[in-house]
Amino acid sequence: MAESAANLPLRYLRTQEAARVLGLSERTLEKHRTYGTGPNYRKLGGRVVYSIDDLQTWADRGLVSSTSDPRAGTVLPAKRQPAAPAAGGRFPR
């Protein structure tokens with residue numbers, strides 16, 4: 001008897017599969033991991049894996065219906081982002 005999808009264990013995708021799902025290159029996904037701009041991932045026994053839900057959540061951050069939409073969430077490019085300013089003024093105490 002075939003198992004229903006609800007009874008199947010959660011499947012994780014390796015970088016190559018995750019990149020294919022998102023339409024990105026593996027290298028771009030690796031850069032996103034390095035800079036902290038990509039989807040959440042897990043390290044299992046030294047292997048990087050992604051859940052499909054995490055990939056979908058990250059991709060949904062870039063969802064817009066027109067070019068004039070105010071962007072509440074943004075999918076950042078795979079590059080180093082400027083550091084956030086320190087709280088409490090110019091010089092931290």
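**Salt bridges and packing**

Guide: At 17% relative accessibility, D54 counts as buried, where buried means under 20% relative accessible area, exposed over 50% and partly exposed in between, with a 1.4 Å probe and protein chains only. Before we go on, this is a predicted model, where local features need pLDDT of at least 70 and side-chain atom pairs count only at pLDDT 80 or more, while totals for chains, interfaces and linings use all residues. Residues are numbered from 1 along each chain as its sequence is written, and side-chain values use heavy atoms, leaving out hydrogens and water.

Visitor: OK, which side chain does D54 meet in a salt bridge?

Guide: That's R42, at 2.7 Å, N to O. A salt bridge here is a side-chain nitrogen of Lys or Arg within 4 Å of a carboxyl oxygen of Asp or Glu. The pair links distant parts of the chain, with D54 in helix 3 and R42 in strand 2, 12 residues apart. Helices (H or I, at least four residues) and strands (E, at least two) are DSSP runs numbered from the N terminus.

Visitor: And is R42 buried or partly exposed?

Guide: R42 is partly exposed, because its relative accessible area is 30%.

Visitor: How many salt bridges does the structure hold?

Guide: Three. One of them joins E30 and R27 at 3.5 Å, N to O. Those two sit three residues apart in helix 2, so about one helical turn separates them. Another pairs E17 with R11 at 2.9 Å, N to O.

Visitor: Switching to packing: where do helix 1 and helix 3 meet?

Guide: A18, V21 and L22 in helix 1 meet L55, W58 and A59 in helix 3, with contact meaning heavy atoms within 4.5 Å. By class, that contact has six nonpolar, no polar and no charged residues. For the classes, Ala, Val, Leu, Ile, Met, Phe, Trp, Tyr, Cys and Pro are nonpolar, Asp, Glu, Lys and Arg are charged, and the others, Gly among them, are polar.

Visitor: Last one, what about T37? Buried or exposed?

Guide: T37 counts as buried because its relative accessibility is 4%. You'll find T37 in the loop between helix 2 (26-35) and strand 2 (42-44). Not counting residues up to four places away in sequence, T37 touches H32, W58, L76, P77, A78, K79 and Q81.
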